[in-house]
Amino acid sequence: MRNIKLSLAMLLGLSLVLAACATTPAEPVGEPAEPVTVVETVQVEVPGETQIVQAPGYGEVLARVQERGKVVCAGRTDLLGFGYLDDAGNNLGFDIDLCRAVAAAVLGDPEAIEIVPVTAAERGPVIQTGEVDILSRNVTWTSSRDSQWGNFTITMFYDGQGYMVRADSGIETQADMNGSSVCVTSGTTTEKNLAADFRERGLDFEAVIFEDTASVYGAFFDGRCDVTTSDRSQLAAIRAGADNPDDYVILPMIISKEPLTPVVPHGDDQWFDIVKLVMFALINAENPAYGPITQATVDDVIASDNIKGKTVLGVEGDWGYSSLGLEPDALANAIRAVGNYGEVYNRYMGPDGIAFTLPRGLNEHWTNGGLVYAPPIK
Amino acid sequence: MSSPVSSQASERIPLWRDERVLRITAQVISAVVIIGGLIWVVLNLLEAAEQRGLSLGFDFIQDPAGFPISESVIPYDDSYPFGTAFIVGLLNTLKVAIVGVLVATVLGTLVGLARLSTNWLFSQIALIYIEIHRNVPLLVLLFIWYFAVFNKLPSAKESLEIPGPIYLNQRGLYLTWPRLSETGSKFLILFIIGIVLAIVTWIYLRNLRERLGRSTYFAGASLAVILLFTLSGLILSEWQPFWIDTPVFEGFNFSGGLRLTPEFAALLVGLVMYTAAFIAEVVRAGIQAVDRGQMEAARATGLSQFQVLGLVIIPQALRVIIPPMISQYLNLTKNSSLALAIGYADVFNVGRIMINQAGRAVPIFGMVMVTYLMMSLITSLILNIYNRRIQFETR
């Protein structure tokens, strides 16, 4: 019995201690909490009208991003032009700039990003689970991915799959590749297109498949394969990085449509809209009718009387920022950070691009006969 | 009469101090906590999966896979369903695991014996081999074998040719290989029957020898059985049970012959070399565990060197060797999943591709886990049965 009494006494003491803890007022810890008023701001109350009720999940990502002070993007560090490390170890590229533009728009700071390098096979799960805010890593937009992975925003790069071979191999068409070994990355649309292309033509091949892009091209350059296949932009990047680029040729045929598109998680329409609008702004800014607005001319356009340009920059009317919980100058910040679409493209892949040169082709602005087109900002 | 009863009642232990009751209560509580925890984990998983739109069904198994697989022991192309692709991966894993276990056992035993050898050079070479392989991670070894060795072999056009002909180049090892001719199946069936009967003869005659205590010529008799059946098989198949499949260079690659791809070869060599180093140590420990006196006593009874090893040392060493050997075999099987890094299409590699192409991470990871679990459980079941058979019979 004494034991019981003892343990009862201990229990009582413990609960007293716990109670004391609970009643102690929580001290403010660490940094002063940012006013997280996002949830309130998204539920726009218009006096006299019915209240807009948003679906659950609406505003979650922006709230998370603002609290964290960082946009987390799944990207890559191993593909010249799109996502790679420069000599100083900075992660840059076309896909990375899209992420920086979003960070500039929602946080005012293009450097407030965290790039999570993922392999091709990890892309789906990483965005499905909402582990990252944006997936900006050469993702081809397909219907099944759209239904399973997340929301595809707008195609930022129109690509197509091609073949690269050794210049002295004598291969010119698919028929010449019969019986060859082909190096390809696993978990991609590329490997499916490759299999379908050869099967439809009744040709035989040996697939040599790696998950890691570096291994794919390492094996190709070593001679393990006669052919390698990927998006033509990627092949151009790899060829540019070869010891002697002239030893390799990218064949002219294109066997697939590869609309490369940034993806956001399912379930948050506000974040979907924000990322889309930033992309729209980059594309529209290149349109002469908007200025065009470049990194350097943002302030000139603000001072000008170009209504369209001034709307994008947030000094004329509301392009939608008040409903999305953003600052009026969000899009202006994005353009200040990375420039318009053409500037982003040319920075890496233009005639003086720091990565390599790839003619814009389908990626010309629609006013120049290309496919790059976005709904108006107004 | 009533006093003992009342004294018994007063001595009855209260429930909360009854050791049996306390024990059972503790068991029940911990069972409830563990099972409850498991249920909570599963429910949480289901809920989270539903929230994130991850589909948990297996209905995709029938859909066309759409992706190529580099090597397969059964017919496969991209129009086959996901289920077939998974089986292709599973068979590839079994292929490398079974061949790997057999070769690693032989190599490991040889190295283990070399390590014990009184020959200084043998023993030191074995020691260096073991230390290198035990202390370098397997993944590193695999990368070295694949990218630094097999990928750097001469191109297909400049293949190394070894009489046979055997061709070695960076696309693989091409062996001239006998294949069954049309009449070859008759030969094969008779040959297998011959082997089975020879084993039966061997066991029967050996037992007979033990009972009668005199030689029954079991080895010779078994050999005669095999030869008899082989000969009749050859006659039935008109002396041509096989045709010779010689690799020929065509266009880009060799065709014909038996081909080991560089991915398979690198994985097999890496796994075998790595596991053999551990097996060598297991074998050495097993042999050293047999008391020296056993050998001396066996020698003293006049047994030959072979008989000392086969009848005295090895049976006792095996008892020590088998249990750690089981875990080496399991390790080899599970380590084969590192194939992912060098592009060999094992079950984990195929599973990863399926996750990407079908977008079903949870069910596919479940399938992969169950597959490895089954393989490990079956391996340890078989070896545990064997282990029980060779243990001391204690009475």
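How many residues of chain A are in contact with chain B, and with how many residues of chain B? In this predicted model, 35 residues of chain A are in contact with 32 residues of chain B.

**View 1. The side of chain A that touches chain B.** Elements giving two or more residues to this side are α5 (123-128), α6 (143-148), β10 (180-185), α7 (189-200), β11 (205-210) and α8 (213-222) of chain A. The largest share, six residues, comes from α7(A). By residue type, this side of chain A divides into 16 polar, eleven nonpolar and eight charged residues.

**View 2. An open sheet of three strands in chain A.** The strand order is β2-β3-β4 (chain A), and the pairing is antiparallel. At the edges are β2 (78-79) and β4 (91-92) of chain A, each pairing on one side only. Strand β3 (residues 83-85) of chain A is joined to β4(A) by two bridges, and these strands run antiparallel. L85(A) stands opposite N91(A) in β4(A).

**View 3. Helix α7 of chain B and its two faces.** This helix (residues 218-236) has 19 residues and reaches 27 Å from its first C-alpha to its last, close to the 27 Å expected at 1.5 Å a residue. S222(B), V225(B), F229(B) and G233(B) are the buried residues of α7(B). Seen down the axis of α7(B), these residues fall within an arc of 65 degrees, so they line one face of the helix. The face turned away from the buried side carries the exposed residues G220(B), L227(B), L231(B) and I235(B).

**View 4. Surroundings of α7(B).** The buried residues of α7(B) pack against α6 (184-212) of chain B. Following α7(B) is E238(B), with a positive phi near 55 degrees.

Technical notes. Residues are numbered from 1 along each chain as its sequence is written. Chains are lettered from A and ligands numbered from 1 in the order in which they are written. This is a predicted model: local features need pLDDT of at least 70, side-chain atom pairs count only at pLDDT 80 or more; totals for chains, interfaces and linings use all residues. Two residues are in contact if their C-beta atoms, placed from the backbone, lie within 7 Å. Helices (H or I, at least four residues) and strands (E, at least two) are DSSP runs, numbered from the N terminus. Ala, Val, Leu, Ile, Met, Phe, Trp, Tyr, Cys and Pro count as nonpolar, Asp, Glu, Lys and Arg as charged, and the others, Gly among them, as polar. Two strands pair if DSSP finds at least two bridges between them. The expected span of a helix is 1.5 Å times one less than its number of residues. A residue is buried if 20 or more other C-beta atoms lie within 10 Å of its own, exposed if 12 or fewer, and partly exposed in between; C-beta atoms are placed from the backbone. The arc is that of the directions from the helix axis to the C-beta atoms.
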